[in-house]
Every structure is written in structure tokens, then in C-alpha cells.
Amino acid sequence: MADIFGDHSAGLTAPGEHAFAITPNDSTALTIATRAIYVGGNGNLKVTTVGGETITFTGVVAGMIYPLRVALVWSTGTTATNLIGVY
């Protein structure tokens, strides 16, 4: 596959290049901080940001990508499902 942008560095506004499934956990941080989180099922999303704040986003909608730099996704307080971290 040709990638005409392969020689360009990825800026903060560039789309993500990698993705991984997120299993919410109250004590284990993600192995890599996200640039965004895809939500596959409606619900609430409790996270700790890379800046250290813990907050719950209520009513996140399935099928949306939320531009969040996240270090941890909590199992307690998270009811949204099928979460995918993008970076």
C-alpha cells in the first residue's frame, strides 16, 4: 500500500495511526495514553486524563470518537462499552 504521507510527522490535529481495545480497570493505567477514545456502546465514561484529573463523562454516545488524552479508564463508573483507544 502506498502512503503518500509516510514521510510527514504526525501533528496533534492529525488522525490517529494506531488503535487498541480498552478494558476498563480501576487501578491499571493504559499502556499508552490515548489521543481519542471510540465509544461503541452508549453510557458513562469515567477517566483519568494525562493531566491527572478524574472525571465522568455522562451520556457518551455510541459510534462517536471523543478527542481525549487519557491515562486510565475506570471500571467503576464506566458503563459505556466497546471502547477503543486511538493514538
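Four strands make up an open sheet with the order 1-7-2-5 and antiparallel pairing. Strands here are DSSP runs of E with at least two residues, numbered from the N terminus, and two strands pair if DSSP finds at least two bridges between them. The edges are strand 1 (19–21) and strand 5 (64–66), each of which pairs on one side only. Neighbouring strands of this sheet are turned against each other by 25 degrees on average, direction ignored; the axes behind such angles are lines fitted to C-alpha atoms, and angles run from 0 to 180 degrees between N-to-C directions.

The model is predicted: local features need pLDDT of at least 70 and side-chain atom pairs count only at pLDDT 80 or more, while totals for chains, interfaces and linings use all residues. Residues are numbered from 1 along each chain as its sequence is written, and side-chain values use heavy atoms, with hydrogens and water left out.

## Pairing around strand 7

Strand 7 covers residues 81–86. Three bridges join strand 1 and strand 7 in the antiparallel sense, and Ala19 has Val86 of strand 7 as its bridge partner. Strand 2 and strand 7 also run antiparallel, joined by five bridges. Between these two, Ala36 stands opposite Val86 in strand 7, and Val39 is opposite Leu83.

Strand 7 also contains Asn82, a residue other than glycine with a positive phi, near 55 degrees. Most residues other than glycine have a negative phi. Asn82 is exposed, at a relative accessible area of 57%. The accessibility classes are buried under 20% relative accessible area, exposed over 50% and partly exposed in between, with a 1.4 Å probe and protein chains only.

Strand 3 and strand 4 run antiparallel and are joined by five bridges. Leu45 stands opposite Phe57 in strand 4, and Lys46 has Thr56 of strand 4 opposite. The hairpin of these two strands has four residues between them, and in this hairpin Gly52 takes a positive phi near 100 degrees.

## Nonpolar core

The largest nonpolar core has 13 residues, and those with the most contacts inside it are Ile22, Ile37, Leu45, Val70, Val73 and Leu83. Such a core is a set of buried Ala, Val, Leu, Ile, Met, Phe, Trp, Tyr and Cys residues joined through side-chain atoms within 4.5 Å. At least two residues of this core come from each of strand 2 (36–41), strand 3 (43–49) and strand 6 (70–73).

Not counting residues up to four places away in sequence, Leu45 touches Ile37, Ile55, Thr56, Phe57, Val60, Leu68, Val73, Gly77, Thr78 and Leu83. Contact means heavy atoms within 4.5 Å.

## Thr48

Thr48 lies in strand 3 and is buried, with a relative accessible area of 15%. Its side chain and that of Trp74 are joined by a polar contact of 2.8 Å. A polar contact is a pair of N or O atoms within 3.5 Å; within protein, one must be able to donate a hydrogen and the other to accept it, and residues adjacent in sequence count only if both atoms are side-chain atoms.

Leaving aside neighbours within four places in sequence, Thr48 is in contact with Glu53, Thr54, Val70, Ala71, Leu72 and Trp74.

## Aromatic pair

One aromatic pair is found in a search of the whole structure. The rings of Phe20 and Tyr87 have centres 5.9 Å apart and planes at 55 degrees, so the pair is tilted. Phe20 lies in strand 1 and Tyr87 in the segment after strand 7, so the pair ties together parts that are 67 residues apart in sequence. Rings of Phe, Tyr and Trp (its six-membered ring) pair if their centres lie within 6.5 Å; planes under 30 degrees apart count as stacked, over 60 as edge-to-face and the rest as tilted.

Phe20 counts as buried at 18% relative accessibility, whereas Tyr87, at 28%, counts as partly exposed.
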